[in-house]
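Subject: Structure handover

Hello,

Here is the structure you asked to look at. Please open it first, then read the notes below it.

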Amino acid sequence: MTVQPQPEALRLADCLDLYVTGDEFQWDIENSAAELRRLHAEVQQLESIRFTGMRQKNQMAERNDELKDEIAKEAKKNN
């Protein structure tokens with residue numbers, strides 16, 4: 001069983017969670033970790049949308065090829 005490496009944004013967010021300053025910068029650190037996680041989730045969503053679009057494009061290209069073949073066969077039959 002192979003272990004998937006943790007995405008860099010999540011690794012950095014985890015590191016920030018461990019960094020405790022106890023001063024006014026603590027809020028910035030916590031917000032930075034949260035923003036890294038939010039951005040990672042958004043990237044995951046965009047990649048999913050892109051993958052779906054690419055799959056649909058490939059399916060449409062295959063169907064287009066099938067229709068071209070059918071038209072060519074029909075034209076050959078009529079000549």
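What percentage of the 79 residues in the chain do the buried residues make up? The figure is 6%. Keep in mind that this is a predicted model.

Overall shape

The chain holds 2 helices and 0 strands. Its radius of gyration is 25 Å, whereas the globule rule gives 12 Å for 79 residues, so the chain is more spread out than a compact globule. Along the principal axes, the C-alpha atoms fill a box of roughly 85 × 30 × 10 Å.

The surface and the charges come next. The accessible surface of the chain is about 7200 Å², and carbon and sulfur atoms account for 57% of that. Among the side chains, 11 are positive and 16 are negative. The centres of these two sets are 16 Å apart.

Helix H2

Helix H2 covers residues 26-78, which is 53 residues. From its first C-alpha to its last it reaches 78 Å, close to the 78 Å expected at 1.5 Å a residue.

Which residues of H2 are buried? They are Gln26, Ile29, Ala33 and His40. Helix H1, residues 8-18, is included in what covers them.

Some of this pattern can be read with a general rule. An α-helix has 3.6 residues a turn, so residues three or four places apart point the same way.

Setting aside neighbours within four places in sequence, His40 is in contact with Pro7, Ala9 and Leu10.

Trp27 lies in H2 and is exposed, with a relative accessible area of 57%. Glu74 also has its place in H2, and at 40% relative accessibility Glu74 counts as partly exposed. Between the C-alpha atoms of Glu74 and Ala41 there are 50 Å in space, and the two are 33 residues apart in sequence.

Helix H1

Leu16 is found in helix H1. Is Leu16 buried or partly exposed? At 25% relative accessibility, Leu16 counts as partly exposed.

What does Leu16 contact, leaving aside its neighbours within four places in sequence? The contacts are Ile29, Ser32, Ala33 and Leu36. Of these, Ile29 and Ala33 are among the buried residues of H2.

Trp27 is 11 residues from Leu16 in sequence and 11 Å from Leu16 in space, C-alpha to C-alpha. Arg63 is 47 residues from Leu16 along the chain, and their C-alpha atoms are separated by 49 Å.

To recap, the chain has 2 helices, helix H1 is part of what covers the buried residues of H2, and buried residues make up 6% of the chain.

Regards

Technical notes: Residues numbered from 1 in each chain as written. Predicted model: local features only at pLDDT ≥ 70, side-chain atom pairs only at ≥ 80, totals over all residues. Heavy atoms only, no water. Helix = DSSP H or I, 4+ residues; strand = E, 2+ residues; numbered from the N terminus. Rg over C-alpha atoms; globule rule 2.2 N^0.38 Å. Buried < 20%, exposed > 50% of the residue type's maximum accessible area, 1.4 Å probe, protein only. Areas by Shrake-Rupley, 256 points an atom, 1.4 Å probe, with all protein chains shown as cover. Lys, Arg positive; Asp, Glu negative; His and termini not counted. Charge placed at Lys NZ, Arg CZ, Asp CG, Glu CD. Contact = heavy atoms within 4.5 Å. Expected span 1.5 Å × (residues − 1).
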